[in-house]
Amino acid sequence: MSQLPIANLSQLIQAPMTTQMQGTSPEIAESFKSFMLQSIDHVNSMQQDADVAVQTLATGGDVNPAEVLTAVQKADMSFRMMMQIRNKLVQAFQEIRDIRI
Amino acid sequence: MISALDISTSALVAQRTRLNAISSNLANMSSIRDENGDVKPFKARYVVFQADDQLKTAHGAMGVRVASVETEDIEPQYKYEPNHPFAIKDGKWKGHVAYPKINMVREFTDAMEATRAYEANIGVMEITKSLGQQTLRILA
Amino acid sequence: MQSILSSSTVPILEQVLNFTEARHNVLAGNIANMDTPGYRVRDLSVEAFHDHLKEAISAREQGNEKISPGMGPTHKSDPIRQVKDSLKSILFHDDTDVSMEHQVAEMSKNQFMHNMAISIMTSQFRAMQVAISERV
């Protein structure tokens with residue numbers, strides 16, 4: 001569950017970023033790429049936290065149900081935000097690719 | 001949230017026990033013989049509640065349990081009935097029959113209080129359940 | 001698809017749903033048989049279920065290390081699915097508190113667990129759909 005969409009996203013970022021921004025400033029490309037990868041790691045860790053919380057709740061651990069549900073919802077929302085960012089990037093890439101010189 | 005239900009349940013069970021004692025008192029208002037058949041007038045019973053140490057949440061909220069069922073030890077009331085087969089043969093109360101002395105008003109008041117407590121605990125359980133349902137709305 | 005589903009929390013929640021459904025039926029049977037002479041109150045032990053589930057989860061985690069990472073267990077050997085078979089063994093006669101209030105309160109707690117497992121599972125499936133359809 002947590003592996004599949006994340007793999008999509010990191011492949012996507014490698015390709016357009018390195019080809020487009022090479023001419024201008026590699027430092028900006030580098031920091032943006034690392035920022036994106038950090039965000040993906042953050043989303044992934046939130047998913048894993050939510051998974052652990054659900055597991056603890058299902059096995060009768062000492063966890064507050066409200067906290068578990070909040071963790072699940074936070075993971076869900078941050079995943080959707082990441083998905084939306086990825087869609088926008090794909091869209092931007094396609095627009096740039098369609099520019100006729 | 002889940003253990004609040006257990007605490008309310010313990011209260012429901014305790015109040016029901018109390019109501020049972022009260023209804024047995026009222027039912028036996030005129031019983032001049034006890035359960036073994038001896039000629040001893042019925043004595044009113046009452047329950048003693050105690051905060052239950054076993055049913056405790058992490059933050060100290062405690063449930064309730066019935067510690068014991070005590071018998072009230074008061075003098076029976078005597079009515080003069082010399083021709084009654086169970087009249088006392090001799091002594092100070094010769095010719096009298098011993099009847100239980102149950103204060104009906106007090107029993108009824110206790111019953112009302114027990115009913116109100118029962119309803120209040122059911123109300124608390126409703127609130128606890130609705131808290132749980134509202135929590136599920138976090139997930140929208 | 002099998003490994004995506006089996007490495008998430010969905011199978012665990014599935015077992016929780018099996019358990020809460022079975023327990024609901026047992027508790028409803030208790031309430032229906034309140035006045036039957038000679039009837040002994042029964043219950044499904046929650047602690048035993050939690051223990052079985054914990055064992056199954058750790059068995060699943062250990063199983064994953066032997067095969068290549070990311071590859072989930074097959075249908076038959078999935079330890080989580082075997083928790084369902086153990087449900088029969090955790091039925092017991094509960095003589096501690098046989099009052100009707102206790103049965104109803106247990107049913108209420110059971111229902112809360114059930115609804116929560118359903119809500120979490122629904123949100124997981126919705127998140128998977130977002131990933132598959134790429135439409136947020």
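I started with the hairpin in chain B: E1(B) and E2(B) form it with 5 residues between them, and B:Gly60 in the turn has a positive phi of about 95°. Strands here are DSSP runs of E, at least two residues, and helices are runs of H or I, at least four, numbered from the N terminus. This is a predicted model, so I note that local features need pLDDT of at least 70, side-chain atom pairs count only at pLDDT 80 or more, and totals for chains, interfaces and linings use all residues. Residues are numbered from 1 along each chain as its sequence is written, while chains are lettered from A and ligands numbered from 1 in the order written.

Strand E1 (residues 45-56) and strand E2 (residues 62-71) of chain B run antiparallel, joined by 9 bridges; two strands pair if DSSP finds at least two bridges between them. I looked up B:Phe49 and found B:Val66 as its bridge partner in E2(B).

Next, chain C. I get 4 helices and 2 strands, in the order α-α-β-α-β-α along the sequence. Of its 136 residues, 29% are buried (20 or more other C-beta atoms within 10 Å of the residue's own, placed from the backbone). Of the contacts in chain C between residues at least 6 apart in sequence, 82% join residues at least 24 apart; contact means C-beta atoms, placed from the backbone, within 7 Å.

Last, where chain C meets chain A. The contact takes 22 residues from chain C and 18 residues from chain A. On the chain C side, H2 (10-32), H3 (46-66) and H4 (100-133) each supply at least two residues, with the largest share, 7 residues, coming from H4(C).

Key:
Contact = placed C-beta atoms within 7 Å. Buried ≥ 20, exposed ≤ 12 C-beta atoms within 10 Å, placed from the backbone.
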